[in-house]
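Here is a short briefing on one protein model.

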Amino acid sequence: MRIIKRHTYLLIGILSFFLGGQQLKAQNYASSLELTGGIVEDGYGINAGYNYYLNRFKYIQGAVFLSFAEDNQQGYTVPYNNFTLNIGYFNNIIEALNRKFTTSLGAGPVVGYEIVNNGQQELATGALVSNSSEFIYGGFVGAELDFYFTESFSIIGKVNQYYHPSSDLGQFAFFGGVGIRYILF
């Protein structure tokens, strides 16, 4: 638990420093909130985020990602959950239809926790789980499609590929989903 707190404080400090420095260089064109639901391998996921726009084309995204899935190991089904904090830098690569449609690419670090079998070592069948719940870290790359239907709301399509080198269940995790984004100002 101590290592999670230490890494969380470090990540918050880095993000605060980066955002604080950017305010001196660029005007905040907008900020937005988003909520996306979708699929992960053998389950589903939810992504909730905040976007801080540095200009019309670039933004920093802070998001919480939750996944609820099952892994099949040696004929047994093992439930697991990932809870991660993602901080990414995104850049618009395509704007079309008078800025009603945009496509963005981004990447950044990931920290979180992976819970295997709800923290229990034994499955309901009596089989023992060799993997344990643990702190995970890594990175992600993502693509977002944004279709604005008003000045304040847009429908988003999101695809993220996560890399968790510390995970016992697999180093790569995929998320694809659809959601809504609300422009705050």
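**Surface and fold**

The accessible surface of the protein comes to about 10,300 Å². Carbon and sulfur atoms hold 62% of that area. The model is a predicted one. Its 185 residues include a buried share of 40%.

- The protein has one helix and eight strands.
- Along the sequence, these elements follow the pattern α-β-β-β-β-β-β-β-β.
- Consider contacts between residues at least 6 apart in sequence: 57% of them join residues at least 24 apart.

**The largest pocket**

- The largest pocket holds about 420 Å³ of space.
- Its lining consists of 20 residues.
- A30, R99, Y148, E151 and I183 are the lining residues that lie nearest the centre of the largest pocket.
- Four strands each supply at least two residues of this lining: β4 (76-96), β5 (101-116), β6 (134-148) and β8 (172-183).
- By residue class, the lining of the largest pocket has seven nonpolar, six polar and seven charged members.

**The second largest pocket**

- About 220 Å³ of space lies in the second largest pocket.
- This pocket is lined by 17 residues.
- Nearest its centre lie E41, Y80, L169, F172 and A173.
- Strands β3 (58-73), β4 and β8 each give at least two residues to the lining of the second largest pocket.
- β3 makes the largest contribution to that lining, with four residues.
- The lining of the second largest pocket divides into seven nonpolar, five polar and five charged residues.

**N82 in strand β4**

- N82 sits in strand β4.
- Is N82 buried or exposed? N82 counts as buried because its relative accessible area is 4%, and the cut-off for buried is under 20%.
- Which residues is N82 in contact with, leaving aside its neighbours within four places in sequence? They are F65, L66, S67, Y113, E114, I136 and H164.

How values were computed: Residues are numbered from 1 along each chain as its sequence is written. This is a predicted model: local features need pLDDT of at least 70, side-chain atom pairs count only at pLDDT 80 or more; totals for chains, interfaces and linings use all residues. Side-chain values use heavy atoms; hydrogens and water are left out. On a 1 Å grid over the protein atoms alone, a cavity is a set of points where a 1.4 Å probe fits but cannot get out, and a pocket is an open set with protein on both sides within 12 Å along at least five of seven lines; lining residues have an atom within 4 Å of a point. Grid points are joined across faces, edges and corners, and a volume is the space filled by probe spheres set on the points. Ala, Val, Leu, Ile, Met, Phe, Trp, Tyr, Cys and Pro count as nonpolar, Asp, Glu, Lys and Arg as charged, and the others, Gly among them, as polar. Buried means under 20% relative accessible area, exposed over 50%, partly exposed in between (1.4 Å probe, protein chains only). Contact means heavy atoms within 4.5 Å. Accessible areas come from the Shrake-Rupley method with a 1.4 Å probe; for residues, only the protein chains shown count as cover.
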